[in-house]
Structures are given as structure tokens and as C-alpha cells.
Protein chains: 2
Amino acid sequence: MALSKKPVTGMKDILPEEMEIRDYVMGVIKDTYGSFGFTSMETPAVEHLENLNCKAGGENEKLIFKILKRGEKLKLEGDLKEEDLVDGGLRYDLTVPLVRYYAAHSGELPAPFKALQMGNVWRADRPQRGRYRQFMQCDIDILGEASNLAEIELILATTTTLGKLGFRNFQIRINDRQILKAMAKYSGFAEESYDEVFIILDKMDKIGLSGVRSELLSAGYEEAVADRYLKLFEEMEEAEDKAAYVMEKLEDYLPEDVRSGFQEILESVNASKGDFFELVFDPTLVRGMSYYTGTIFEIAMPEFGGSCGGGGRYDKMVGKFTGKDVPACGFSIGFERIILLLMESGFKVPGAAEKTAYLIEKGVSADVMTKVMRQAQEERSAGKKVLVTRMNKNKKFQKEQLKAQGYTEFQEFYREALKY
Amino acid sequence: MALSKKPVTGMKDILPEEMEIRDYVMGVIKDTYGSFGFTSMETPAVEHLENLNCKAGGENEKLIFKILKRGEKLKLEGDLKEEDLVDGGLRYDLTVPLVRYYAAHSGELPAPFKALQMGNVWRADRPQRGRYRQFMQCDIDILGEASNLAEIELILATTTTLGKLGFRNFQIRINDRQILKAMAKYSGFAEESYDEVFIILDKMDKIGLSGVRSELLSAGYEEAVADRYLKLFEEMEEAEDKAAYVMEKLEDYLPEDVRSGFQEILESVNASKGDFFELVFDPTLVRGMSYYTGTIFEIAMPEFGGSCGGGGRYDKMVGKFTGKDVPACGFSIGFERIILLLMESGFKVPGAAEKTAYLIEKGVSADVMTKVMRQAQEERSAGKKVLVTRMNKNKKFQKEQLKAQGYTEFQEFYREALKY
């Protein structure tokens with residue numbers, strides 16, 4: 001048998017039980033972001049290779065599934081370069097395609113443009129448990145909004161969505177690339193070393209203050225600079241209001257509007273949010289992608305070690321396509337992790353319709369069949385779910401299986417007459 | 001500027017207005033098929049090349065987007081064959097992946113398995129107006145149901161869905177590959193010529209009886225055979241009940257259960273359907289795919305020349321994967337055509353929530369901002385759509401644009417105080 005029953009390496013089939021939860025979660029996401037004025041949009045799965053390789057994808061650029069050129073007979077001899085063979089690839093995220101889309105269509109889009117995207121992305125990662133080469137991303141972005149209204153709306157919309165899905169006691173951690181830079185400047189690091197310093201700082205939750213200190217020293221930074229830097233973090237830990245403390249310290253290093261803008265995000269969200277999550281200033285939050293220019297944030301779930309999504313401001317990316325920068329801010333929800341958490345918690349989709357199964361004996365007359373079908377249509381238009389199926393020889397076992405699928409009512413139709 | 005703003009050749013970006021309709025249609029499809037007991041499922045976009053090339057894809061097998069192998073350094077010298085470079089491709093339909101999925105998971109699936117799939121497929125067709133290289137397919141299939149219950153349910157579920165989307169006066173045309181064969185046998189065609197005969201018959205609606213006759217003769221068939229064949233179609237045209245007429249004629253060529261089973265489909269559907277569509281026996285309906293083994297059907301819309309979907313029974317395809325045949329029957333809705341028809345008719349998504357826009361003047365105090373956000377959250381939880389946006393200098397123009405996006409209520413928030 002030449003045909004393969006398994007999905008291709010690293011990708012998965014989605015079974016009905018999981019699909020029901022996915023459909024429900026997608027519905028909640030669409031409705032909730034919709035209530036904030038976000039509109040759905042979609043880009044093709046295939047993207048120009050030159051766009052995918054524009055340096056906005058970070059490490060993901062190494063993981064592109066490339067697509068063989070079409071439309072001409074491929075020359076497969078001589079010394080070939082990869083670019084002779086391929087010119088497109090499967091998108092590895094939704095951000096690069098979004099920015100291309102915005103660059104192409106901004107004249108036809110609302111300003112600011114509040115976009116919701118749910119779509120698959122593909123990364124040729126080493127296959128491992130719980131990590132797939134095709135997975136769904138859910139991104140919301142606001143393009144054309146320079147003020148912190150974008151951050152406030154993104155955080156409120158995302159947390160409202162998570163709340164509707166039943167998540168409680170999670171944190172949104174927030175920081176700003178400009179605060180990160182100001183802290184480094186205040187401490188005496190040279191600008192060209194910021195990126196390396198932040199990579200070390202990012203390990204704070206794993207290796208602690210002393211670990212960060214020794215890594216900074218082994219990387220060759222001056223002890224006095226490192227200590228001045230770490231003292232900031234130590235003192236913040238002790239401060240009653242971390243953000244207020246560091247804003248005062250950084251008064252000469254950070255423009256007033258950045259300081260007040262950041263505080264305003266904290267205040268506005270805290271005043272209008274429910275008590276099911278916390279918004280926390282986390283001065284050690286770095287986020288990997290180099291395209292972030294301002295605020296950055298991350299979802300931390302108590303049920304889950306890592307992050308369940310995150311995002312930030314990236315004001316310089318549209319300019320790569322158009323030559324003209326447009327303010328942009330986005331939040332990506334870790335859709336697959338959320339589905340995994342819901343599956344593991346035994347989540348049941350709420351408000352599912354009552355499910356009735358009609359069992360029809362083999363050989364019923366056309367008359368009976370007609371009556372059954374008509375009755376099923378009536379019950380369906382009244383809002384019920386009605387499965388019409390043949391009665392098996394082992395009816396008891398069949399009913400047990402149907403019960404396991406959520407069918408609670410049964411009607412049986414026999415050859416001789418309607419018995420029910 | 002190296003970056004390309006356009007989508008890749010032949011694929012399209014979907015703008016918010018179209019997306020709103022697509023989301024709505026997908027919702028109606030999920031709900032309606034759900035009420036018939038269909039469950040959603042999904043397969044990866046990438047499929048094994050050997051499966052895609054298993055002869056179940058017909059002409060589509062020539063249109064595969066192939067994906068460059070990963071995980072090893074590609075050797076790009078010497079005489080290369082294509083199979084050295086690629087082992088997977090983007091799926092060109094949802095049927096081949098469904099059958100693989102069923103072969104892999106049948107033990108975990110309900111029996112019969114009523115599957116609903118909505119997903120993109122990719123075909124490297126020559127780009128042309130209204131025809132894209134990525135498009136959404138919507139397939140519903142019943143696997144493991146040998147009786148005509150499958151056909152009845154598929155037709156009722158699909159027409160109910162189309163009815164809910166507002167379509168009226170369309171036709172479902174139905175035929176059976178076994179009736180086609182019996183008609184050919186009755187007329188005296190040899191079995192090995194059936195396929196060619198059917199290809200000619202398929203042109204009936206374009207070239208008429210006389211056209212079909214002359215093509216049969218130029219293909220070298222006997223005049224007596226061709227005439228006996230065409231007389232069947234002529235007499236059916238005049239018969240009061242085409243199906244009854246041909247069933248009687250074919251009494252010796254078609255098993256009794258096929259004849260009564262086909263009639264039962266017509267009767268059951270006609271008795272339980274509304275009057276918004278017709279189910280019509282069309283003895284000239286052929287359908288291209290070679291995998292059909294029994295009933296075949298097609299949606300014909302008055303607004304649209306070609307077919308808006310179709311399907312049939314394909315009882316021999318699961319066996320290609322497992323060695324054991326499983327009865328199967330499916331219907332594929334022409335999702336993109338339906339969206340196109342709705343867009344062209346100026347379709348508006350019904351029951352959309354009331355949309356309010358809050359316009360906030362630049363520089364409002366953190367206090368005002370907080371109040372605005374809190375009020376917006378309250379209105380949203382009460383079911384409203386609330387867009388919070390900065391007030392532009394040209395407020396009048398801004399409001400006009402928002403009205404065009406469907407915002408009907410406005411509230412304005414100013415720097416000094418709340419004025420509304």
C-alpha cells in the first residue's frame with residue numbers, strides 16, 4: 001500500500017472533540033473583538049519569499065517551507081541555486097502578511113485599522129510534543145493609532161476575551177522598549193550593547209539577580225555599570241509602586257510623554273478591567289522580536305509555565321513596505337496553548353443545543369422515511385440537533401455510543417409501523 | 001524597495017467587507033450542518049505527494065504546489081529529479097485528505113461519520129478573473145452509510161443551508177453513475193467506451209441532442225446504437241415522470257434496489273423540502289471525477305451559469321488507503337461562488353449589533369480616559385459594539401467615514417470635561 005494514512009511529519013489532524021472547542025473559541029474571539037470594533041481580514045497562506053526574509057521574522061526566517069516555482073518547466077540540471085527553484089513560501093506568522101496587506105490596501109481600510117486575523121502559519125520546527133509545524137495564530141493589530149489608546153484597547157479586548165473563555169487569575173505583564181533602553185542608558189551601558197544586555201536580562205526569572213550579574217560580568221561589562229543596573233531592579237522590587245519609582249529615576253532619560261503615556265495605560269486598564277486578571281509592570285520583560293519599538297506585553301497563565309501570547313508596538317515596519325512609517329501595535333493570542341489548556345481542563349462548550357437521534361430500521365417504507373425526514377426538518381428548524389441514522393443490529397451498543405457523543409433523546413422508527 | 005505589496009500571483013487578500021460576509025456564511029454553514037449531526041474536522045494544508053497523486057484528484061494532480069523538502073541540506077547539483085527535492089504538496093481538494101483522515105482515525109470516529117470541513121485548497125491554475133490559486137472549499141461527507149439515507153441527508157442539509165442564506169429557485173440535479181451505465185448498456189455501447197460516451201453526453205446542455213448524435217458518430221459508434229441511446233433521452237423529455245420512465249426501460253439493466261433507492265431519494269426529499277428549490281432528475285448529468293460509484297448531484301443556481309457545488313457517492317476510495325472499502329457520499333458547496341453571488345447581490349449580514357463610536361479629543365486627562373474605557377466596557381458587555389477612537393481634526397469627515405462603516409451612534413469626549 002503506497003498511500004500514507006498519517007498526516008505529514010509534524011502536522012496534525014484535528015478530531016471532532018477538539019474541533020468543537022476550537023470552533024467555539026474562534027466564535028468567542030470574533031464576537032468579543034468585534035464588540036471592540038475589530039474587523040476580520042485574511043491574507044493568502046503563501047507569501048513572497050523576499051517578504052518572508054525581510055528580517056522582521058527573526059529566527060522564523062530559518063523555518064520557512066518553500067514552494068517550488070510553477071508555470072514553467074523547472075530546469076533541474078547544472079549548478080542550481082535555491083532561488084532558481086522557489087519564489088514563495090508558507091507564512092510563518094501573521095505580522096509580515098498583515099503589514100504587506102496594509103501597505104497594499106490602506107486606502108480602502110478604516111483609519112485607524114483594527115484588524116483581527118485567525119489563520120494557520122507554518123514553521124519547519126523540529127517536531128516535538130505539543131509543538132506542530134502547522135498551527136493557528138490569532139492576531140489583533142491596530143494600525144494608524146499613535147497614542148496609547150491602541151495599547152489600552154488591545155489589552156482590554158484580549159483580557160475580556162480570555163475572561164469569556166473562563167480564564168481567571170492570569171497576568172498581563174507590560175514593559176516598554178524605551179524604558180528598557182532608558183534603564184540601560186541610566187546604568188551606563190553603551191547603546192550598541194543594549195541588545196546583548198537585554199538578552200541577559202531576559203533570563204532574570206530563571207537565574208535571578210546574581211545570575212544576571214555574573215553573566216553581565218563574564219560578557220565583559222564594567223562591574224560599576226552592572227551594579228548600577230541591578231540596583232534599579234532591586235530597588236524596584238522593594239518599591240510600593242515599581243512603575244512610579246522607575247519613572248522618577250529615569251526622569252532625565254525618558255521623555256515625559258513616554259512616562260505619562262505608560263502610566264496612563266496602567267491606570268486606564270486597571271480602572272476599567274474586572275478583577276479576574278492583573279496588569280503588572282515587569283521591567284525584566286524583553287520579548288524577542290527586534291521589530292518592537294515601544295510598549296511590549298505578554299500573557300502569563302498560572303496553569304501554564306510559558307507565555308500564552310504577547311505583543312507590542314512596532315512603529316517602523318509598515319515603512320519597510322511603503323517608505324513611510326505608520327504607528328502599529330498588536331497582540332497575538334497563543335491560540336493553540338489556549339485550546340490545549342481548555343482540553344486539559346475538561347472544558348465543555350456551553351449552551352450546546354439538545355441532541356436527538358432518530359434510529360431507523362433497515363427496510364422502512366418510503367412513506368415512513370418521508371415522515372421521518374419531515375419530522376426531523378421540523379425539529380431542526382425549531383433549533384434542535386437531529387441525527388437521522390440507520391438502526392444497527394446491536395441497538396443498545398449503538399445508543400451507548402450516541403450517548404457518548406452527547407445525544408440525550410432517541411426515537412426509533414420500525415419497518416411495520418411507527419413505534420415511539 | 002525590495003518588498004512586494006501585492007499578494008503572490010493568483011492569490012488574494014480578503015478585505016473587511018467580504019470577510020464579514022464570509023464569516024457569516026461560515027457560521028450559517030456550521031450551525032445548519034451541526035443541526036443535522038455533522039461535526040467539524042480539519043486536516044493539515046500540506047499532504048503527502050504520493051496521496052495527492054493517487055489518481056483520485058483527476059486533472060487537479062497537475063496543479064499541485066509542491067513544497068521543498070526540509071530537515072536536510074538539499075543537494076543541488078548533479079542530475080536532479082523532482083522527487084529528490086519535494087515530498088509534500090498543498091492539498092488541491094478536501095476529499096483526498098478526508099479519506100486519509102478517515103483511514104487513520106476511523107476507530108475514534110462516530111459510525112457513520114458525518115464530517116464538515118471548511119478549509120483552503122490550492123491549485124496552480126492559470127490566473128484568471130474570479131478564479132484564484134487559493135480558495136475555500138466547504139465539503140460535507142458521510143462515511144460508513146451504505147444506504148440512501150446519506151444522499152437524502154446531504155441534499156436536505158445542503159439545501160437548508162442555501163435557503164438560510166437567502167437562495168431561492170435553485171435546482172439540485174441528480175443522477176446515478178449506475179443509471180448512466182445502464183442507459184449505455186441498454187443502448188448497446190461496449191463497457192470500455194462508457195467513459196468516452198459520458199464525456200460526449202456531458203455536452204448535451206451545450207450542443208443538444210443532434211450535437212451529441214454527430215459527436216457519437218464521428219467517434220465511430222454505430223448509428224443504431226447512438227439512436228437507441230438518444231431515443232431514451234428524447235422519450236424522457238416527453239415523459240411525465242422521467243425517472244419512472246427510465247426505470248421501467250432499464251428494468252433488466254439495473255438492480256431493483258438501485259431503482260427503488262433512487263426513487264426513494266426523490267420522494268423523501270420532495271416530501272420534506274420547502275418550496276424554495278427543486279430536486280430534478282437529470283439523466284445527462286455526468287460529473288467529471290472518476291471516483292464516483294453511484295448517485296451524483298449538482299447545484300444549479302439561476303443567478304449563475306455553471307454549477308455552485310456538487311457531489312456524489314464514492315464507495316471505493318477509502319479502500320485505496322486501507323484495503324477495505326467503506327461506503328462514502330459527499331457534497332461540496334461552491335463556497336467562493338456563493339460568496340461572489342452574495343457580494344454581487346449587495347447582501348447585508350443580518351442581525352448585526354448596534355455600532356457606537358466614541359471620539360476622544362487628544363489630551364483628555366487620565367481620569368476622563370478611565371471613565372470612557374469603563375463606560376465602553378459596560379456597553380460592550382450589554383451586547384453593543386463600541387469603537388473607541390481618537391477624534392480627528394476634521395471631525396465631520398471622520399464621522400462620515402464611520403457612518404460608512406456602519407456606526408450609527410456617536411459620543412464625543414473632550415479635554416476639559418465630558419460633554420455629551
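Student: Where does N169(B) lie?
Tutor: N169(B) lies in the loop between α5 (149–164) and β7 (170–176) of chain B. Helices (H or I, at least four residues) and strands (E, at least two) are DSSP runs, numbered from the N terminus.

Student: How are the residues and chains labelled, and what kind of model is this?
Tutor: Residues are numbered from 1 along each chain as its sequence is written, and chains are lettered from A and ligands numbered from 1 in the order in which they are written. This is a predicted model, in which local features need pLDDT of at least 70, side-chain atom pairs count only at pLDDT 80 or more, and totals for chains, interfaces and linings use all residues.

Student: What is the phi of N169(B)?
Tutor: N169(B) has a positive phi of about 55°, although it is not a glycine.

Student: Is N169(B) buried or exposed?
Tutor: N169(B) counts as exposed because it has 11 C-beta neighbours inside 10 Å. A residue is buried if 20 or more other C-beta atoms lie within 10 Å of its own, exposed if 12 or fewer, and partly exposed in between, with C-beta atoms placed from the backbone.

Student: And what about N169(A)?
Tutor: N169(A) has a positive phi of about 55° and is not a glycine. N169(A) is found in the loop between α5 (149–164) and β7 (170–176) of chain A.

Student: Which peptide bonds are cis?
Tutor: A cis peptide bond joins A111(A) and P112(A), with omega about -5°. Another cis bond joins A111(B) and P112(B), with omega about -5°. P112(B) lies in the loop between α4 (95–105) and β5 (113–122) of chain B.

Student: New topic: how do α11 of chain A and α14 of chain B pack?
Tutor: Helix α11 (residues 256–272) of chain A and helix α14 (residues 366–381) of chain B pack at an angle of about 40°, with their axes 8 Å apart. Axes are lines fitted to C-alpha atoms, for helices over the stretch in contact, and angles run from 0 to 180 degrees between N-to-C directions.

Student: Which residues meet there?
Tutor: On α11(A), E264(A), E267(A), S268(A), A271(A) and S272(A) meet A366(B), M369(B), T370(B), M373(B), R374(B) and Q377(B) of α14(B). Two residues are in contact if their C-beta atoms, placed from the backbone, lie within 7 Å.

Student: How do those residues divide by class?
Tutor: The contact of α11(A) with α14(B) has 4 nonpolar, 4 polar and 3 charged residues. Ala, Val, Leu, Ile, Met, Phe, Trp, Tyr, Cys and Pro count as nonpolar, Asp, Glu, Lys and Arg as charged, and the others, Gly among them, as polar.

Student: How many residues does each chain give to the contact between chains A and B?
Tutor: The contact takes 90 residues from chain B and 89 residues from chain A. The side of chain B that touches chain A divides into 40 nonpolar, 22 polar and 28 charged residues.

Student: Back to helices: what do α5(B) and α11(B) do?
Tutor: The axes of α5(B) and helix α11 (residues 256–272) of chain B come within 10 Å and cross at roughly 35°. E151(B), I152(B), I155(B) and L156(B) in α5(B) meet I265(B), S268(B), V269(B) and S272(B) in α11(B).

Student: What does the model score?
Tutor: The model scores ipTM 0.93 and pTM 0.94.
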